[in-house]
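Have the sequence and the model open beside you as you read.

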Amino acid sequence: MRPFATFAAPSPVSPSSRVNELCVAALLAAALLTTPAHAQRHPAPVTAYSAAPSASAPHPSDSQRPFLDLRISPLADMHFLLRALLAPDEPRPALPGLDQALAAVADVDRAAVWPLIEGLLSDCASAADLPAVAQHAPESLTTRDGRTVRLRAHLTCLADAYRQFEPQFMAQLWPTHRATIEEAHRRLCDELLSRQSACYDFLCRLLDLPPPQRPIPVYLVAVAPRPGGFTHRLRGAGVSFVSIRGNEGPLLRETVIHESIHALDIASAEHPSALNILRGELQQRGVARTDPMLRDLPHTLMFFAAAETIRRCLDPAHRDYGDVAGYYAKVPAATAAIRAHWSDWVAGTQPRAATVRALADATPRPPASPAEPRTAFPSEPRTASPAEPRTAFPAEPRP
Ligand SMILES: [Zn+2]
């Protein structure tokens, strides 16, 4: 797992901290806020919360420990709506302050630093908490490709714009969004949380992933830009955001599981998971760090695993997101390689390592001649576009 960025300077908050994590959040522990003041400005239901029944407690019909913490946050919802509204074909509501908020969002969007910022939303109950997060953030970061990112300035700009726009959002848009999110939350409680132990027992065995140390936070938002699912590193673990729009019906639970696999993958960087072993096998076969296959094959494996988990544990008739939403068609080589070995993988008829090696053997090899390199891509993460596969986290190169 490669860090997205390294800090340009030690943090004044925690100078002794290791600063090799991509996310500034490790240095922002002092800024973790659950300010009562927010609850006074907004009635209790609009603060960030884990809607009942909380995944922090065992679901009544699921006696084992929880794996998911489904959360609802007006701030996260507003943020992803604003990101979505940057698209030229998105109708924009006529609200005071919207243009200024969108200008701030567009500025950060151009800087391609959302992975450094969005995880921090989980530390905020409202926009009022953002200035403190900005104040404690490193002034600048250096990305893997050498860019200098003015992180504190971006956060400060967002904080100002969001504090201005939040009252309009809360009054005009949040009630509808909240109803949408809470309905989805209820559905996920019934369809997924009620069987989460069975699902994650199966999934963790399928990918040799260790169970999470604590429930994986997954924020549900009404609208987000494509691809509609995002997972970012935060203090060595993953924080996920899942859009309800674009993940309608049975796709929602698969997307939640898919994003949670990213979170489990982030948290198991040093663990011999099937994903990490597969990455190692690919690199041993000459697949370079810059080769899209090094991302696409493990990522496609996540899609297969999420869909298989639902079929085995929740709904035998479930169809893969990759088929329904067209992801598999975007990565035909990776999909074909996994399909050829998937029944063996699931059945466990041979040691997992042997199946992983067979899968790595089945993937297209890089050209022998260095004069014909496979397509390289920027080493920096950027905002997902409709043409690219779903969520990666910051340590993951994007095409
Ligand atoms: Zn993904």
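A nonpolar core, as the term is used here, is a set of buried Ala, Val, Leu, Ile, Met, Phe, Trp, Tyr and Cys residues joined through C-beta atoms within 7 Å. Please keep in mind that what you see is a predicted model. The largest nonpolar core in it has 103 residues. Those with the most contacts inside this core are Leu 130, Leu 155, Tyr 162, Leu 220, Val 221, Leu 278 and Ala 305. Helix α11, spanning residues 292–313, supplies the largest share of this core, with eleven residues.

Which residues does Leu 155 touch, leaving aside its neighbours within four places in sequence? They are Ile 117, Leu 130, Val 133, Ala 134 and Ala 137.

Now step back to the whole chain. It is built with 15 helices and seven strands, and 49% of its 399 residues count as buried.

Next, let's look at a pair of helices. Helix α2 (residues 74–85) packs against helix α3 (residues 98–111) at an angle of about 80 degrees, and their axes are 9 Å apart. Angles from 65 to 115 degrees count as roughly perpendicular, and α2 and α3 are therefore roughly perpendicular to each other. On the α2 side, Leu 82, Arg 83 and Leu 85 take part, meeting Ala 101, Leu 102 and Val 105 of α3. By class, this contact has five nonpolar residues, one charged residue and no polar ones.

The loops hold some backbone details to look for. Most residues other than glycine have a negative phi, and most peptide bonds are trans. Where does the chain depart from the trans form? A cis peptide bond joins Arg 226 and Pro 227, with omega at about 10 degrees. Pro 227 lies in the loop between β5 (216–221) and β6 (229–234).

Asp 208, in the loop between α8 (196–207) and β5, has a positive phi near 50 degrees. Asp 208 counts as partly exposed because it has 17 C-beta neighbours inside 10 Å. Arg 235 sits in the loop between β6 and β7 (237–243), and its phi is positive too, about 50 degrees. With 17 other C-beta atoms within 10 Å, Arg 235 is partly exposed.

Note on methods
Residues numbered from 1 in each chain as written. Predicted model: local features only at pLDDT ≥ 70, side-chain atom pairs only at ≥ 80, totals over all residues. Helix = DSSP H or I, 4+ residues; strand = E, 2+ residues; numbered from the N terminus. Buried ≥ 20, exposed ≤ 12 C-beta atoms within 10 Å, placed from the backbone. Axes fitted to C-alpha atoms, helices over the stretch in contact; angles between N-to-C directions. Parallel < 35°, antiparallel > 145°, perpendicular 65-115°, else oblique. Contact = placed C-beta atoms within 7 Å. Nonpolar A, V, L, I, M, F, W, Y, C, P; charged D, E, K, R; others polar.
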